[in-house]
Amino acid sequence: DNNTGVERIRDHVAAQLTRARRRSQSLTDAVDEHDLVRQHSKLMSPLVWDYAHIGNQEELWLVRDVGGREPVRQDIDELYDAFKHARSTRPELPLLGPAEARRYVGEVRDKVFDVLETSPLEGRRLLAGGFAFGMIVQHEQQHDETMLATHQLRAGPPVLDAPAPPRGGPVGPAEVLVPGGPFTMGTSTEAWALDNERPAHQAHTAPFFIDTAPVTNGAYVAFVEDGGYADRRWWSEAGWAHVRKAPLVAPRFWEKQGDQWYRTAFGVTAPLDPDQPVVHVCFHEAEAYAKWAGRRLPTEVEWEKAARHDPASGRSRRYPWGDDEPTEAHANLGQRHLSPAPVGAYPAGASPLGVHQLIGDVWEWTSSDFRGYGGFEVFPYAEYSQVFFGPDYKVLRGGSFGTDESAVRSTFRNWDYPIRRQIFAGFRCARDAAPGELG
Ligand code: AVJ
Ligand code: FE
């Protein structure tokens, strides 16, 4: 009945909050105090900022708004408002120190568990299905992925550990034909879907081919060694200006010694695995590779159709493999491993058309600008999505090895500037289907 439904949500929320906090703690306990407060890159906040910001957002939404409780630390709201201070300036702020930050987030969390016990989880739209709690779980996990990216930028000996990803395997043909026609994009029913994923609507594509796997390191090396970074033909005007000015010569964290390419990940330098998806490339690099390969990036409509559309039933699925939550057999998520897995490592996660590794491993650049769907409504605050809509940001899909399962699904939309490559981003290619190829 309804009551057990609400109790099930409450238990789920509690478990997810606890799991997220364990991750935040492990990412911050892994380094000493100096490494918590210092800036590892101008692109990133000090880890201690992310940590207290997680607590502050949780206080704003769950303690004050949902719970209607007194503020815990109203005096620090301004310090942890991401719009008031650019990341590069955060180390100079009078931030809470590591011990203070830990005390603060713990105090907020204690109150949140109290609010959770007494909250009806219905009545207000913010509460329905535990949305406000789900939003905060996802927010914490998103910042955990950001902190993981900060770890990747940190110099020094390794402090994180995880087992190697599973072995690769066959993925069938290199590309598959996705039939043209309509499908349901976005969602109006997924309880924890964020505002930019809504509403469900009919979208349309022409027939197109999409790669069955993300572009691998091995394939990308061929582009690099073919002089791709020095060849104007493959780059857009903005891409060419950037690649010359930066300058870029290979993906971030790559280095060639003799004839061998190496990649440094979380303090460990090892020969590049040719079968793993390429990671730490910007949109411009993805676009240039695709052009060099005689292909193009998928639009986000195409990506979502490849990830959700079941041609047999005409239905859109929650995930490529169906509606069930991800398990470790489906996808490389949740920092279970510290790298993308080789192509073909997740046969159980493939879509009905045989497209692999859409969820997990690497965020996938699409050719689309980040915009609201028709019927978009801000919920519950404009600074989550709406203020980023426009031509400045490109959409990424599918999540990475550093994305938690609570913070990704086939409707989930991420976005970033086309020059960013500290995120765990790769891509796959697509192409138009010619009239003679429609099977
Ligand atoms: C959705 C990953 C682009 O990290 O900038 C965190 C998520 N929003 N705090 C970001 C977010 C507010 C956001 N991304
Ligand atoms: Fe945030």
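How are helices α3 and α4 oriented relative to each other? In this predicted model, α3 and α4 are roughly parallel, because their axes meet at an angle of about 25° and angles under 35 degrees are counted in that class.

**Helix α3 with helix α4**

- Helix α3 spans residues 47-66 and helix α4 spans residues 98-118, and the two pack with their axes 9 Å apart.
- The passage of α3 across α4 is a left-handed crossing.
- On the α3 side, the contact is formed by Val48, Tyr51, Ala52, Gly55, Asn56, Glu58, Glu59, Leu62, Val63 and Val66, which meet Pro98, Ala101, Arg102, Tyr104, Val105, Val108, Arg109, Lys111, Val112 and Val115 of α4.
- Sorted by class, this contact between α3 and α4 comprises 13 nonpolar, two polar and five charged residues.

**Helix α3 with helix α5**

- Helix α5, made of residues 131-153, also packs with α3, and the axes of these two helices come within 10 Å while crossing at roughly 175°.
- Since angles over 145 degrees count as roughly antiparallel, α3 and α5 are therefore assigned to that class.
- From α3, the residues Leu47, Trp49, Asp50, His53, Ile54, Gln57, Glu58, Trp61, Leu62 and Val66 take part, and their partners in α5 include Phe133, Met135, Ile136, His139, Glu140, His143, Asp144 and Met147.
- The contact of α3 with α5 is made up of 11 nonpolar, seven polar and four charged residues.
- Glu58, Leu62 and Val66 of α3 are listed in the contact with α4 and also in the contact with α5.

**Helix α6 with helix α8**

- Helix α6 (residues 217-225) and helix α8 (residues 283-292) have axes that come within 11 Å and cross at roughly 80°, so that α6 is roughly perpendicular to α8.
- Ala219, Tyr220, Ala222 and Phe223 of α6 make this contact with Glu285, Ala288, Tyr289 and Trp292 of α8.
- By class, the residues joining α6 and α8 are seven nonpolar, no polar and one charged.

**Annotated positions and the largest pocket**

- According to an unreviewed UniProt entry, the annotation "binding site" covers Arg87, Ser88, Thr89, Arg90, Asp416 and Arg420.
- From this annotated set, Arg87, Ser88, Arg90, Asp416 and Arg420 belong to the lining of the largest pocket.
- Arg87 lies in the loop between α3 and α4.

Technical notes:
Residues are numbered from 1 along each chain as its sequence is written. Chains are lettered from A and ligands numbered from 1 in the order in which they are written. This is a predicted model: local features need pLDDT of at least 70, side-chain atom pairs count only at pLDDT 80 or more; totals for chains, interfaces and linings use all residues. Side-chain values use heavy atoms; hydrogens and water are left out. Axes are lines fitted to C-alpha atoms, for helices over the stretch in contact, and angles run from 0 to 180 degrees between N-to-C directions. Helices (H or I, at least four residues) and strands (E, at least two) are DSSP runs, numbered from the N terminus. Angles under 35 degrees count as roughly parallel, over 145 as roughly antiparallel, 65 to 115 as roughly perpendicular and the rest as oblique. A crossing is left-handed if the near helix is turned anticlockwise from the far one by less than a right angle, and right-handed if clockwise. Contact means heavy atoms within 4.5 Å. Ala, Val, Leu, Ile, Met, Phe, Trp, Tyr, Cys and Pro count as nonpolar, Asp, Glu, Lys and Arg as charged, and the others, Gly among them, as polar. UniProt positions are given in the numbering used here, feature names are shortened, and annotations may be inferred rather than shown by experiment. On a 1 Å grid over the protein atoms alone, a cavity is a set of points where a 1.4 Å probe fits but cannot get out, and a pocket is an open set with protein on both sides within 12 Å along at least five of seven lines; lining residues have an atom within 4 Å of a point.
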